[in-house]
Amino acid sequence: MPTKPDGHAATQPLLSLQDLKTHFPLRGNFLDRLIGREPGVVKAVDGISLDVARGEVVGIVGESGSGKSTLGRTLLGLAHASEGRITFDGHDITNLSAESLRRLRMRMQFVFQDPHAALNPAMDLGTAVADALDIHGLEPDPDARDRRVRAILDRVGLSPPERFMDNYPGELSGGQKQRAVMARALVLNPELLVLDEPVSMLDMSVRAKILELLINLKAELGLTYVYITHDLATAKFFCDRIAIMYLGRVVETGPPSAIYSDPKHPYTRALLKAIPDPDPARSVPRDLPRGEVPDAVNPPLGCAFHPRCPAAFAPCGWEGRDLRELLERRWAAIPETQYETERAVIGDLDTFDRPETVVHVPAGRGRDGRAVADLLASIRAEAPDDPFWEGVYDMETAGDGVRVTFRTPHDPHLRRHGRVQVACHLWEDGGG
Ligand SMILES: Nc1ncnc2c1ncn2[C@@H]1O[C@H](COP(=O)(O)OP(=O)(O)OP(=O)(O)O)[C@@H](O)[C@H]1O
Ligand code: SF4
Ligand SMILES: [Mg+2]
């Protein structure tokens, strides 16, 4: 263990992730194979560094598809890490053998979102919890095993245990099932629980009770939690620290008190605005910025949030796909006759589907590069403040179209600002 200058041992994180990546290779479709195109990879987790201290609750928050579950699965060895390092209690566990992993699993447990799917419908609770012990060769003595099973059922609130030992999952409520799943995990005396949306499938009234139970169990059993959720409202009171994920990366991380009172990343701000307000009299904008979460195969260049970011500016990673989106948005909003006139000037934009910073905008049939240049100039003159244009470095007529060159994209990296770390160009060089 490293020693601080004052002579005290520095606290070693229980779990440490260094530049962790989990990429899933795609098989590719028939067309890809025909034209010899690389099918690509899904960058589900794309360079995450994070420490989790013993006893801490770290929340992983983000929209659907941001890579939360993949991160949780990777750090427990349930998905293969493509790059980077995972350290647990000082040991590198990135690519362990199946046998070492099996032993480690006792110390690190996963609680899934759907308690129904996590329980075998043909096993009563007593058998299901005892089965977890059997798998790991623990408590071979039947009486000791029985005592341990009863104690943990009682501890998770399934009491008196003799009432629940013989119950099958189908006879339990949603909350009781999630308690049973927790009993199955906790009977192994783990140190770390990865909780993947543990309450999102439960009724509102039950959610608070299960979260309260988790808080009590953590204190009594000295547990550490990685809490995966899309719900910032529960993360606020449940977590000691929050990491906001977007497209496989952490964009902001810090204690909830700092993140909720003074969010720095535009994505965090958007997520917080989208929390439904319990007081209907207060009008809170519920929509996230325009657009869907882009796919993780060819994420946007530069800052992956830039196509949706209300604060995006020159260095944020503008590219050909943004030009296509700008034109399509415009064409959806203007009158039909104007649309037809403009659409005829520009040729096929379907090739604008890759991350490219130099693109050729082709002229439509019977038109030339001059006409395309004039149209782009008039669109720009109508909305010169659109941040997209800040990203355009050069436009020049080239043959039968216009070549548009964008500024070099830059990836924002996490940098410390007060109590948080944020990855956004607005916050570089002491900005904000
Ligand atoms: N086994 C896999 N093979 C290929 N792609 C995958 C695989 N697992 C996940 N993905 C992709 O990785 C990305 C992240 O998925 P993940 O399930 O980790 O997101 P999530 O944040 O947990 O979403 P949700 O909130 O919907 O549970 C998605 O684009 C998903 O389609
Ligand atoms: S770097 Fe910051 S300002 Fe730029 S697009 Fe990303 S979040 Fe928005
Ligand atoms: Mg998930």
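## Overall architecture

The secondary structure of the protein comes to 16 helices and 15 strands, where helices (H or I, at least four residues) and strands (E, at least two) are DSSP runs numbered from the N terminus. This is a predicted model, in which local features need pLDDT of at least 70 and side-chain atom pairs count only at pLDDT 80 or more, while totals for chains, interfaces and linings use all residues. Residues are numbered from 1 along each chain as its sequence is written, and chains are lettered from A and ligands numbered from 1 in the order in which they are written.

Along its principal axes the C-alpha trace spans about 85 × 55 × 55 Å. The protein is divided into domain 1 (15–260) and domain 2 (318–406), with bounds that come from an automatic or database domain assignment; the centres of these two domains, taken over C-alpha atoms, are 47 Å apart.

## The four-stranded sheet

An open sheet of four strands has the order β2-β1-β4-β5 and antiparallel pairing, two strands being paired if DSSP finds at least two bridges between them. Because β2 and β5 (91–92) stand at the edges with a single partner strand each, one side of each is left without a neighbour in the sheet.

Of the 432 residues of the protein, 35% count as buried, that is, 20 or more other C-beta atoms, placed from the backbone, lie within 10 Å of their own. Of the contacts with a separation of 6 or more, 65% are accounted for by residues 24 or more positions apart, a contact requiring C-beta atoms, placed from the backbone, within 7 Å.

Not counting residues up to four places away in sequence, valine 129 touches Val149, Ile152, Leu153, Ala183, Arg184 and Val187.

In helix α12 (residues 266–273) the buried residues are Pro266, Tyr267, Thr268 and Leu271, and their cover includes α10 (232–238), β9 (241–246), β10 (249–254) and α11 (256–261).

## Surroundings of the two ligands

Around ligand 1 there are 13 residues, of which Phe24, Ala44, Ser64, Ser69 and Thr70 come nearest; a residue is near a molecule if its C-beta atom, placed from the backbone, lies within 6 Å of it. β2 and α2 (68–75) each supply at least two residues of this shell, and α2 gives the most, with three. The shell divides into four nonpolar, eight polar and one charged, where Ala, Val, Leu, Ile, Met, Phe, Trp, Tyr, Cys and Pro count as nonpolar, Asp, Glu, Lys and Arg as charged, and the others, Gly among them, as polar.

Around ligand 2 there are likewise 13 residues, with Cys303, His306, Cys309, Cys316 and Cys424 nearest. The shell around ligand 2 divides into ten nonpolar, three polar and no charged residues.

Notes: Buried ≥ 20, exposed ≤ 12 C-beta atoms within 10 Å, placed from the backbone. Contact = placed C-beta atoms within 7 Å.
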